[in-house]
Amino acid sequence: MRIALDAMGGDYAPQPNIDGAIAALQADPALEVILVGDQAALDPLLEKSGYSGERLTIRPSDGVVGMEEKPTDALRKKPNCSIVVSWQMMAQREVDAVVSAGNTGAVVAAGLRTRLFLPGVKRPGIAVALPTLKGRTVLMDVGANPAARPEHLVQYGVMGAVFSREMLGIATPRVGLMNIGSEDGKGTDLYRETHSTLQQSRMQGQYVGNVEGRDLFQGNADVIICEGFVGNVLLKASEGMAEFMLHAFHHEVIGRLSHEKELAVQAFHHLGKRYQYHETGGAPLLGIDGITIICHGSSNGRTIENALKVATTFRDRRINQQITDELRELGDLPGAVA
């Protein structure tokens with residue numbers, strides 16, 4: 001498998017990207033990684049790493065999209081930046097996947113420009129797997145499409161269910177619609193129409209109806225769909241609350257222990273590690289005719305290594321083919337992308 005890795009993406013790039021690529025290559029002899037970025041910056045770091053081999057190469061690019069830059073403006077001013085070149089390589093079938101810890105908006109915007117969508121997909125969406133009391137729940141979309149329409153959300157239900165089944169091992173994922181109440185008739189026109197459509201679709205056996213924000217971490221649905229604006233707010237609020245709770249627990253509980261304190265610290269760190277983004281690698285942009293894994297901006301080498309592994313697993317489990325097949329069965333395969 002050949003993967004284009006945005007070597008300039010991330011808060012601490014390019015070093016973590018190089019470290020992660022080398023670790024992934026050492027673990028997978030069938031993997032090839034192309035580092036996309038500033039060759040003058042990458043060459044000395046590669047030389048210093050001591051790694052040599054034909055499976056790690058550099059594709060020069062010009063420019064980097066900063067984390068605080070407006071994606072559309074940055075892409076217009078930097079048409080040959082590392083994110084754009086990575087997407088061009090996938091559009092031209094030079095690589096099977098793109099992995100980036102760069103500006104999420106720019107990664108999505110560059111991808112939408114290629115129109116490299118799976119057959120029938122109207123809008124790609126970002127899916128994240130969040131921990132719950134019963135396992136993990138897929139939340140989709142968390143930022144790719146803030147102006148979703150009902151047909152987009154219905155497709156997110158299909159794509160999220162395939163991802164949940166194949167990547168999380170949930171045989172028959174339950175799909176819920178994020179709303180302000182569980183009753184019929186709740187929410188805006190978007191959510192009322194989406195709710196009605198799902199009830200009448202072939203997903204009705206999997207669709208469990210409206211779910212509320214409190215249900216997200218209870219595990220009452222295996223896939224929860226929403227527009228990108230709502231999903232991104234939910235994700236960021238969840239990250240902030242998790243960080244707050246971990247710090248508060250460490251201070252208020254572990255700080256007061258005397259006996260078995262070391263065991264408590266170990267358990268605390270083990271729990272935190274289970275839910276760190278470093279261990280999950282990244283979030284896929286589902287609906288792309290190819291594979292795109294979007295990593296956290298603060299990714300380290302471990303994060304990048306895991307993201308590359310996720311991309312390989314995504315390919316091996318034929319996620320895209322299954323999404324296409326299930327959208328066709330849903331009867332939602334228009335002749336042109338809307």
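How much accessible surface does the protein chain have, and what share of it belongs to carbon and sulfur atoms? The accessible surface comes to about 15700 Å², and 51% of it belongs to carbon and sulfur atoms; areas follow the Shrake-Rupley method with a 1.4 Å probe. The model is predicted: local features need pLDDT of at least 70, side-chain atom pairs count only at pLDDT 80 or more, and totals for chains, interfaces and linings use all residues. Residues are numbered from 1 along each chain as its sequence is written, and side-chain values use heavy atoms, with hydrogens and water left out.

The protein chain holds twelve helices and eleven strands, taken as DSSP runs (helices H or I, at least four residues; strands E, at least two) numbered from the N terminus. Of its 338 residues, 50% are buried, meaning under 20% relative accessible area with a 1.4 Å probe, protein chains only. Contacts are heavy atoms within 4.5 Å. Among contacts with a separation of 6 or more, 71% join residues 24 or more positions apart.

The largest nonpolar core has 101 residues. Such a core is a set of buried Ala, Val, Leu, Ile, Met, Phe, Trp, Tyr and Cys residues joined through side-chain atoms within 4.5 Å. Helix H6 (residues 150-168) gives the most to this core, with ten residues. Val33, Leu35, Leu56, Trp87, Val99 and Leu139 have the most contacts inside the core. Not counting residues up to four places away in sequence, Trp87 touches Val98, Val107, Ala110, Gly111, Thr114, Leu116, Leu285, Ile288 and Thr292.
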